Amino acid sequence: MAGDSPYWNPKTETLDRERLEALQLAKLRYHCEWAAARSPWYRARFAAEGFEPSQLRSLADLRRVPILTREEWTNSQFQHPPYGEIPVIGGDGAIRLHTTSGTTGRGPLRALDSRKDWAWIAEMWAYAIWGCGARPSDTAYIAFGYGSFIGFWGLHYAMEKVGVLNVPGGAQSTEARVLQIVDFDATVVAATPTYALRLAQEADRLGVDLPSSSVQRLILSGEPAGSIPQTKALIEELWGAKAFDTAGMTEIGTIMVFECSHQPGGTHIIEDNMIEEVIDPATLEPVSYGERGERVVTSFGRGTIPLLRYRTSDLVCRVPAATCSCGRGFDLYEGGILGRVDDMKIIRGTNVYARGIEAIVREFPEVEEFQTVITREGLRDEITLRVELRADRSPASWEELSDVLHRRLALAHEGLNFRIERADAGELPRFELKAKRTVDLRDAPIGAAR
Ligand SMILES: [Zn+2]
């Protein structure tokens, strides 16, 4: 129990880098031995790659451990249904089954957990709950569906562990949830960023003034939107409360990062229980502090599903622990989870982000729709912005607009030369959900249509 400390685990949260890495190395070795002895998938993979846990003499040796991809996991489930060969026990040894919501590839991942795994899952959430300032005197309302998606299940148990009075807000209408939050004098609310906004809209409709309610803190999870400063500021304004970003994934069963009460504009990595690497997704080489790359996670607490060097496709930018003033020794992800790696393209050595392009293009109200097309011509990659203009707000001169777009895009991308093309009215695809405005034709068969 953390008592008066601002840290849930004062001993490990304030370790210096040398001691933290020694702890990580010891846990890594143990976890690799565990996986090699019990998981058929890891046993076969380690043998195929010539890796043995005894080769781990320093943290730098982590790179000898084979990387695991989601595709390998789902393929294993497909070949050895229903759980694949990664788990160390089957359904008869586990106490819970959760699945991912994703529909890509060969269906959702099925994640098994033991009782001991669930104790760890709750412990990770406790770092976040305590770290943002929630205490046993609080009342927490958990606006969550309590279904097969793992979501806030771990937060629920962590609230109990910390001693917070806990209201499970499953299976209710948004209106009923707003009324319960007020009725029970909830001081903490857990929700996705989108749902926190939805609750605020509903409160407004009902004439409930949330800023004058008891709510002091919101714990956000489930979407990268929780780390977008504009979205978070809006949530804080509508609720009259502080909002704290967290992020987790079904693959580890819990969260791996949380924002502390100092609100540094980023999230601390729970480094005493995980190793997070940030790599260049093309070369798989590590990137430096302050550079964007893909998260690769190794978690030490889930015994049933050992997760070693799992590629997440999450885009992050790691910065040193000292970036935050709270005194933790845990490094941070600046701006939280920034999006998906699929959003990033590398054109002649320059990183290009779909949302970076969108931020520039959206400054021009005369643009109705746009598309970014990447092609390979000979050995050279080319990037083209295709622009469809609004019929009612055409620019004075297309040449002038394309010139400004060309210059702005180059300025934001190390001088990269974007071709600007005008598309006909109604030519480009329209989206209602999950827009896909980047088309990468570099590996497409010759003659593929746009
Ligand atoms: Zn901090």
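Visitor: What makes both faces of strand β3 count as covered?
Guide: Thr139 and Tyr141 sit on one side of β3 (residues 139-142), Ala140 and Ile142 sit on the other, and all are buried. Buried means under 20% relative accessible area, with exposed over 50% and partly exposed in between (1.4 Å probe, protein chains only). By the way, this is a predicted model: local features need pLDDT of at least 70, side-chain atom pairs count only at pLDDT 80 or more, and totals for chains, interfaces and linings use all residues. Residues are numbered from 1 along each chain as its sequence is written, and side-chain values use heavy atoms, leaving out hydrogens and water.

Visitor: How do you know that β3 pairs with β4?
Guide: Pairing takes at least two bridges found by DSSP. Four bridges join β3 to β4 (residues 165-168), so this is a pair by that rule, and the two run parallel. Ile142 stands opposite Pro168 in β4. Strands here are DSSP runs of E with at least two residues, and helices are runs of H or I with at least four, numbered from the N terminus.

Visitor: Why are β19 and β20 called edge strands?
Guide: They belong to an open sheet with the order β19-β18-β17-β20 and mixed pairing. β19 (418-422) and β20 (438-440) each have a single partner strand, so one side of each is left without a neighbour in the sheet. Take β19: β18 (residues 380-389) pairs with it in the parallel sense over five bridges, and Ile383 has Phe418 as its bridge partner in β19.

Visitor: Is Cys132 buried or exposed, and what about Cys326?
Guide: Cys132 has 2% relative accessibility, so it counts as buried. Cys326, at 9%, is buried by that cut-off too.

Visitor: What lines the second largest pocket?
Guide: The lining has 22 residues, with Glu276, Glu277, Val278, Pro286 and Arg318 nearest the centre. A pocket is an open set of points on a 1 Å grid with protein on both sides within 12 Å along at least five of seven lines, and lining residues have an atom within 4 Å of a point. β10 gives the most to this lining, with five residues.

Terms used
1 Å grid on protein atoms, 1.4 Å probe; cavity = no way out; pocket = protein on both sides within 12 Å on 5 of 7 lines; lining within 4 Å.
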